[in-house]
Amino acid sequence: MTALVATPTTVDQAHDDLTHVVCYCDPNLALCGTDVTDSDWVDEDEDTTCVVCVDLVDQPCPRCGR
Ligand SMILES: [Zn+2]
Ligand SMILES: [Zn+2]
(Lines give C-alpha, C1' and ligand atoms only; values in the text may rest on other atoms or scores of the structure.)
(Ligands and ions follow the chains in the order given, each with its own letter.)
Protein backbone atom coordinates (compact mmCIF):
# COMPACT_ATOMS: atom_id res chain seq x y z
CA MET A 1 0.00 0.00 0.00
CA THR A 2 1.43 3.32 -1.03
CA ALA A 3 1.52 6.20 1.43
CA LEU A 4 2.45 8.82 -1.13
CA VAL A 5 -1.03 10.03 -1.98
CA ALA A 6 -2.11 12.80 0.35
CA THR A 7 -5.67 13.13 -0.90
CA PRO A 8 -8.15 11.58 1.50
CA THR A 9 -10.59 9.14 0.03
CA THR A 10 -14.20 8.47 0.79
CA VAL A 11 -15.84 5.34 2.06
CA ASP A 12 -19.44 4.27 2.00
CA GLN A 13 -20.36 3.42 5.55
CA ALA A 14 -23.00 0.72 5.61
CA HIS A 15 -24.14 1.31 9.15
CA ASP A 16 -25.28 4.91 8.89
CA ASP A 17 -25.59 5.48 5.11
CA LEU A 18 -23.10 8.31 5.29
CA THR A 19 -20.07 8.74 3.10
CA HIS A 20 -17.04 9.49 5.27
CA VAL A 21 -13.56 10.61 4.42
CA VAL A 22 -10.57 8.62 5.59
CA CYS A 23 -6.87 9.42 5.60
CA TYR A 24 -4.45 6.91 4.18
CA CYS A 25 -2.65 6.74 7.53
CA ASP A 26 -5.69 4.96 8.97
CA PRO A 27 -8.20 3.77 6.35
CA ASN A 28 -10.33 2.12 9.02
CA LEU A 29 -11.07 5.35 10.87
CA ALA A 30 -12.92 8.24 9.29
CA LEU A 31 -11.79 11.80 9.93
CA CYS A 32 -14.81 12.29 12.18
CA GLY A 33 -13.76 9.30 14.29
CA THR A 34 -16.25 6.82 12.91
CA ASP A 35 -14.96 3.26 12.60
CA VAL A 36 -15.30 2.48 8.91
CA THR A 37 -13.71 -0.95 8.99
CA ASP A 38 -15.28 -3.18 6.30
CA SER A 39 -16.82 -0.19 4.55
CA ASP A 40 -16.70 -0.02 0.78
CA TRP A 41 -14.46 2.56 -0.81
CA VAL A 42 -16.37 4.68 -3.26
CA ASP A 43 -15.52 6.81 -6.24
CA GLU A 44 -13.54 9.95 -5.51
CA ASP A 45 -16.19 12.24 -6.92
CA GLU A 46 -18.85 10.72 -4.72
CA ASP A 47 -20.32 13.38 -2.45
CA THR A 48 -19.22 13.18 1.15
CA THR A 49 -22.39 13.17 3.19
CA CYS A 50 -20.88 13.23 6.67
CA VAL A 51 -20.81 16.91 7.62
CA VAL A 52 -18.05 16.35 10.17
CA CYS A 53 -15.82 14.79 7.54
CA VAL A 54 -16.62 17.59 5.10
CA ASP A 55 -15.44 20.08 7.72
CA LEU A 56 -12.28 18.13 8.47
CA VAL A 57 -11.21 17.23 4.95
CA ASP A 58 -9.54 20.59 4.43
CA GLN A 59 -7.69 20.39 7.73
CA PRO A 60 -4.37 18.61 8.21
CA CYS A 61 -4.80 15.09 9.52
CA PRO A 62 -4.25 15.11 13.31
CA ARG A 63 -2.43 11.77 13.06
CA CYS A 64 -0.11 12.17 10.08
CA GLY A 65 -0.33 15.92 9.50
CA ARG A 66 -1.55 15.81 5.91
ZN1 LIG B 1 -17.51 11.18 8.97
ZN1 LIG C 1 -3.53 10.88 8.28
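Author: Going along the sequence, the protein chain reads β-β-β-α, so to speak in DSSP runs, where a helix (H or I) needs at least four residues and a strand (E) at least two, numbered from the N terminus. That comes to one helix and three strands. Keep in mind that this is a predicted model, where local features need pLDDT of at least 70, side-chain atom pairs count only at pLDDT 80 or more, and totals for chains, interfaces and linings use all residues. Residues are numbered from 1 along each chain as its sequence is written, while chains are lettered from A and ligands numbered from 1 in the order in which they are written.

Now the core. Of the 66 residues in the protein chain, 29% are buried, meaning that 20 or more other C-beta atoms, placed from the backbone, lie within 10 Å of a residue's own. A nonpolar core is a set of buried Ala, Val, Leu, Ile, Met, Phe, Trp, Tyr and Cys residues joined through C-beta atoms within 7 Å. The largest one has 11 residues: Val11, Leu18, Val21, Val22, Cys23, Ala30, Leu31, Val36, Cys50, Cys53 and Leu56.

The chain's mean is 79, and 77% of its residues reach 70 or more.

Note on methods: pLDDT = per-residue confidence, 0-100. Buried ≥ 20, exposed ≤ 12 C-beta atoms within 10 Å, placed from the backbone.
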